[in-house]
Amino acid sequence: MASRFVDRAVIHLTAGDGGNGCASVHREKFKPLGGPDGGNGGNGGDVLLIVDPNVHTLLDFHFRPHARAGNGKMGQGGNRAGAAGDTLEMRVPSGTVVMTEDGEILADLVGTGATFIAAQGGRGGLGNASLASNTRKAPGFALLGEPGESRNLVLELRSVADVGLLGFPSAGKSSLISVLSAAKPKIADYPFTTLVPNLGVITAGSTVFTMADVPGLIPGASEGKGLGLDFLRHIERCAVLVHVIDCATFEPGRDPLSDMDALEEELARYTPSLGGDLADRPRVVVLNKIDVPDAAELAEFVRPELEARGLSVFEISTASRKGLKELTYALAAVVEKYRAEQPEPEPEKVVLRPVAVNDAGFTVELDPEEEGAFIVRGVRPERWIRQTSFGNDEAVGYLADRLQRLGVEEALARKGAVPGSPVTIGDVQFEWEPSTPAGVAVHMSGRGTDVRLENNSRIGAAERKEARRIRRDGPDGVEDEDEMDDE
């Protein structure tokens, strides 16, 4: 039967798009100047990852990796705002680490209710009622809604356990966790029976702790051999590492000391991505299967050398349950000591970072791919570009006013831009033409138009292209072509 445990998944998330604003004029009998009454568009829904104690695997994301939040609704006349898009809540198990495809850790979700905004919904566009001002009393345009954020993320589940069992395949780890807790892992007499981590809850007196059975490790696990890299991450959070050593193995070239040294070497090579060093974790050695006479003799032989290394050693048998009580209370004591040594978690503080006085919120750079061209980068300019309907001249003029108030035009002039210089903001490139500051000598024009665009005397791109053709072919070439057409 195939395993239903999934501890790694790649998900593709798309937040909801913001709704467009509405451009509307109030119409009512005997009220010819009703004024603008277009409502704002609704915000797009976010995609949230929330820790749920009833979820124990990433299986749902494995079969359904694509998810999308609800879109915001468009605003309507009568100052009616559009509804916000539905937020999508995705439930994940405690211990889920959220990363980018490049391996950068974005969040470590531990504890019930821990939340991470995986994809941000787009803002809704403003309606023309919100855009009205003393100089623009009846805007004939509205702002578009922003598209929602799209992200590809990697989810990894890293078990939250106090004790991690390590050992070669068939060392008896699954048998140990099955007799100490209510966990019922699959147990068989062949290597790699355990293909997924098993988690058990153990009670020793007043102490309750969890134990994780990590699948069998082999030399080279830290380099990806066997099941190593897939499951080594499950011991990153463990407070105590327990070496379960099979004293009854008959494989040539293996003995308890060499087995432990091989696994310690793999642990030293594995670097936890969550920080910390596995070499600093407390170690306990369990010599298993002493119900076999030869194994009991071997355990007595290697025990002094292991204790000489400063390790706590326990001889047990999961079959006869010998030594299990002593081991359980010893592990509880180590776990309690480790918990007491950990610093108390500090409450999350709200950090306010005021914007620097000289921070304009954007930068102007030379375009490396086009001579004499410029690129403007910044959150607000790029957002304004996405919200502008370039089919409406008045909306384009409003964009020019906003860029001028932000200081973009002044920054372009300092960089050496001249009228007609190509300027790229976001995904849009246009030819820069200095505009009139908003609120100062604004020319009145019809709704949906901007007189600055209509009275533009600068030679356009089509005229410049025709002029270059004439300079190249000469006027005679045009006449010759006309004569050929007449014939």
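**A walk through the predicted chain**

The protein chain exposes about 26400 Å², and carbon and sulfur atoms supply 51% of that area; accessible areas here come from the Shrake-Rupley method with a 1.4 Å probe, and for residues only the protein chains shown count as cover. Keep in mind that this is a predicted model, in which local features need pLDDT of at least 70 and side-chain atom pairs count only at pLDDT 80 or more, while totals for chains, interfaces and linings use all residues. Residues are numbered from 1 along each chain as its sequence is written, and side-chain values use heavy atoms, with hydrogens and water left out.

Of the 487 residues in the protein chain, 45% are buried, where buried means under 20% relative accessible area, exposed means over 50%, and partly exposed is in between (1.4 Å probe, protein chains only). Taking the contacts (heavy atoms within 4.5 Å) in the protein chain with a separation of 6 or more, 72% come from residues 24 or more positions apart. The chain has twelve helices and 18 strands, all DSSP runs numbered from the N terminus (helices are H or I with at least four residues, strands are E with at least two).

Let's begin with the sheet of six strands. It is open, has mixed pairing, and runs in the order β10-β11-β9-β12-β13-β14; two strands pair if DSSP finds at least two bridges between them. Strands of a sheet pair through backbone hydrogen bonds, either parallel or antiparallel. In this sheet β10 (198–204) and β14 (312–315) stand at the edges with a single partner strand each, so one side of each has no neighbour in the sheet. Neighbouring strands are turned by 25° against each other on average, direction ignored. For these angles, axes are lines fitted to C-alpha atoms (for helices, over the stretch in contact), and angles run from 0 to 180 degrees between N-to-C directions.

Helix α6 lies across β13 and β14, at about 165° to β14. Helix α7 (residues 324–341) lies across β9 (163–166), β10, β11 (207–213), β12 (240–246), β13 and β14, and runs at about 100° to β11.

Strand β2 (residues 47–51) pairs with β4 in the parallel sense over five bridges, and leucine 48 has glutamate 89 in β4 as its bridge partner. Glutamate 89 also forms a salt bridge with arginine 91, the closest N and O atoms being 2.9 Å apart. Glutamate 89 is partly exposed at 42% relative accessible area, as is arginine 91 at 38%.

How many salt bridges are there by this rule? The count comes to 18. One of them joins glutamate 394 to arginine 136, with the closest N and O atoms 3.8 Å apart. Glutamate 394 lies in helix α9 (residues 393–406) and arginine 136 in the loop between α2 (128–131) and β8 (150–157), so the pair ties together parts that are 258 residues apart in sequence. Glutamate 394 is buried at 8% relative accessible area, and arginine 136 is buried at 13%. Arg136 and Glu394 are linked with Asp401 in a network of salt bridges.

Last stop: the UniProt annotation "binding site", from an unreviewed entry, covers Ser174 and Thr194. UniProt positions are given in the numbering used here, feature names are shortened, and annotations may be inferred rather than shown by experiment. Serine 174 sits in helix α3 (residues 173–180) and counts as buried, at 9% relative accessibility.

How values were computed: Salt bridge = Lys/Arg side-chain N within 4 Å of Asp/Glu carboxyl O.
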